[in-house]
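Work through the exercises below with the sequence and the model at hand. Try each task before reading its solution.

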Amino acid sequence: MELTAMKKALTQLEMELHAYNHAIGCLSFDGATVSPSGSGEARGLTLSFLSQKRYAALVNPKARELLDGLWGRSQELDAATLRRVQLLREDLDELTRIPMEEYAAYVRITNECGERWRAAKAAGDYAMFEPVFKQVLEYSRRFAGYRDASRPAYDVMLDSYEKGMDSATLDALFAMLRSQITPMLASHTPSVQPAFLSAACPVQSQRALSAYLMRAMGLDTARCALAETEHPFTQGFSKYDVRITTHYYENAFLSSMYSVIHEGGHALYELGIADEYQYTALADGASMGMHESQSRFYENLVGRNAGFLRFLAPTLRELFPEALDGVSDEALIRAANRVQPSLVRTEADEVTYPLHIMARYELEKQLVAGTLSTKDLPEAWNALYKEYLGLDVPNHTVGVLQDMHWSEGMFGYFPTYALGSAYDAMFVPAMCRDGVDLTGACASGDLAPVRAWLGEHIWQWGRAKDAPELIKGACGMAFDARYYCSYLQDKFTTLYEL
C-alpha cells in the first residue's frame with residue numbers, strides 16, 4: 001500500500017475509535033449527571049456493546065497490518081504521525097492480551113459499580129457497595145496480569161496513568177513528603193474555622209459564581225459546559241466539547257468554587273490541544289499527572305493566590321452578602337489557605353492534601369496485592385486517617401466512600417494528584433524566568449499570560465510529547481520533587497509567619 005493511502009487509513013481508524021469513545025463518554029457522562037437512578041442496567045448493556053465495537057475496531061488483523069506497516073516505514077513519517085502510530089500500537093498490544101468478552105464484562109461491571117457507589121455513598125452503607133467493588137478489583141488484577149505478568153500488578157496499573165511510574169519511585173516521593181509535612185503539622189495549632197465558611201449561600205448564587213469563574217479563567221462556554229454531579233470530574237470529547245461538573249453545598253460555598261476552578265484547569269488543557277491533533281491518538285493529556293498538574297495549578301496557585309482572592313472578593317460579597325458581611329479580604333485569604341487536617345480529600349488544604357493521597361496509595365497497593373480484602377478496607381481506611389491526619393472517621397460517606405475512583409477501577413490514579421502538584425512547583429519559577437508575573441496576573445484578574453505560557457509549553461502538545469519531555473522543555477531540567485517540598489515549606493511558614 002502506498003504511504004499516502006496508509007496515512008489515510010490511519011486517520012480513518014482514529015476517527016472510528018474517536019466516534020466510539022465519544023458515544024461511550026456521552027453515556028458515561030449522562031450516567032453521572034442527569035440519568036435517572038434506574039437507568040444503570042440499560043446503560044450498562046449499551047456501554048458493553050459499544051466497548052466491544054471499539055475493541056474490534058482496533059484489535060483485528062487489518063489494523064495490526066496497517067500499524068506495523070507504518071512503523072516499519074518510520075523514517076518516512078513526520079514526528080506527530082510516528083507518535084500516533086506508536087501510541088496506537090501500544091494500545092493494540094495491551095488490548096490484544098485481554099479477551100474481548102472479559103473487556104466488555106468489565107465495562108458493564110464498572111458501570112454497575114458506579115451506580116452502586118452513588119447509592120452507597122448517599123446511604124453511608126459500604127456493605128451495599130463492597131460485593132460489586134470486589135468484582136471490579138478482581139477484573140483489574142486479572143487485566144494487569146494479562147498486560148504484563150512479569151511486573152507487580154500495581155506497577156502495571158500505575159503505568160496506565162503515568163508512563164514509567166512504579167511503587168519504588170512513589171515510595172521515595174511520599175517518604176520525602178511525609179518527612180516534610182509531619183513536623184509542620186506537629187508544630188501547628190489549628191485555628192477555629194471562621195463562621196462564614198459554613199454560612200448559608202443559596203445554590204442559585206453559587207451557580208452564578210461558577211459562571212463568573214469560568215469567564216475569569218478564560219473558558220470558552222461555546223465549547224465547555226458545566227453540569228452537576230455527586231463527585232466532580234471533567235470529560236473531554238475533543239477541544240470542541242469539554243464537560244466539567246461540580247457539586248453544590250449550601251453551607252460550604254468554597255467547595256464548589258474550588259471544584260469549578262480545579263475542573264476548569266482540566267478543561268483548559270483539553271481546550272488548548274492543537275487543532276491538528278483533534279480526533280487522533282494525540283488529542284489527550286500527556287499523562288494523568290500532567291493533567292492533574294493543570295487542575296491543581298488553577299485550584300491552588302491561582303485560586304488560592306492572595307491577589308486572585310482580592311480580585312474575586314467584590315463578586316463574592318455581591319453574590320453572598322449575608323454570609324460575607326463584614327468579612328475582610330485578608331480574612332477570606334486566610335480562610336481559603338487555612339491549614340487544618342480534614343476528612344475529605346477534595347476539601348483538603350495544600351499542606352495536608354498529600355497525606356490524603358498517601359493513605360489511598362497505601363490502601364490500593366494492599367488491595368491489589370491481596371494483602372487487604374475489600375471487606376476490611378473501611379477499618380484500614382479509618383486506621384490510616386487516624387495515623388496520618390489524627391482524625392476519627394464518623395461514617396463511610398466521608399470515609400472510604402468519598403471518592404468515585406475505585407468504583408471505576410482506577411487503581412493507580414490517586415498518586416497522579418501528588419505528582420501533578422509536584423510538577424506545578426517547578427512550573428512557577430519557570431514562568432517567572434520567562435517573564436510571566438503570576439501574582440500580577442492573579443491580582444488583575446487577567447490570566448491570559450498564564451494561559452499563554454501553559455498553552456505554549458504544555459497544552460498544545462497533547463500526547464505528542466510525554467510528561468518528562470514537557471517538564472524538561474518547560475523548566476530546563478528533569479523532574480525534581482524537592483521543588484514541591486520547598487513550596488509547601490515556604491507557603492506554610494509564610495502563612496503562619498513562622
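Predicted model: local features only at pLDDT ≥ 70, side-chain atom pairs only at ≥ 80, totals over all residues.

Residues are numbered from 1 along each chain as its sequence is written, and side-chain values use heavy atoms, with hydrogens and water left out.

**Exercise 1.** Describe the salt bridge between E14 and R84.

Solution. 
- Step 1: A salt bridge is a side-chain nitrogen of Lys or Arg within 4 Å of a carboxyl oxygen of Asp or Glu. For E14 and R84, the N to O distance is 2.5 Å.
- Step 2: E14 is in helix α1 and R84 in helix α4 (residues 79–96), so the pair, 70 residues apart, links distant parts of the chain. Helices are DSSP runs of H or I with at least four residues, and strands are runs of E with at least two, numbered from the N terminus.
- Step 3: Buried means under 20% relative accessible area, exposed over 50%, and partly exposed in between (1.4 Å probe, protein chains only). E14 is buried because its relative accessibility is 3%, and R84 is buried at 13%.

**Exercise 2.** Compare the setting of the salt bridge between R116 and E112.

Solution. 
- Step 1: The N to O distance of R116 and E112 is 3.2 Å.
- Step 2: The two residues are 4 apart in helix α5 (residues 100–123), so about one helical turn separates them.
- Step 3: R116 is partly exposed at 27% relative accessibility, and E112 is partly exposed at 35%.

**Exercise 3.** Check the length of helix α9 (residues 203–217).

Solution. 
- Step 1: The expected span is 1.5 Å times one less than the number of residues.
- Step 2: For the 15 residues of α9 this gives 21 Å, and the end C-alpha atoms are 21 Å apart, so the two agree.
- Step 3: After α9 comes G218, with a positive phi near 90°.

**Exercise 4.** How are strands β2 (residues 234–238) and β3 paired?

Solution. 
- Step 1: Two strands pair if DSSP finds at least two bridges between them. β2 and β3 have 4 bridges, in the antiparallel sense.
- Step 2: One of the bridges joins T234 to I244 in β3.
- Step 3: The two strands form a hairpin, with 2 residues between them.

**Exercise 5.** Which residues make up the nonpolar surface patch that includes M15?

Solution. 
- Step 1: M15, Y240 and Y279 form the patch, with about 270 Å² of accessible area together (Shrake-Rupley method, 1.4 Å probe; for residues, only the protein chains shown count as cover).
- Step 2: Patch residues have over 30% relative accessible area and no salt bridge; like charges are joined within 9 Å, nonpolar side chains (Val, Leu, Ile, Met, Phe, Trp, Tyr) within 5 Å.
- Step 3: M15 lies in helix α1 (residues 3–33) and is partly exposed at 37% relative accessibility.
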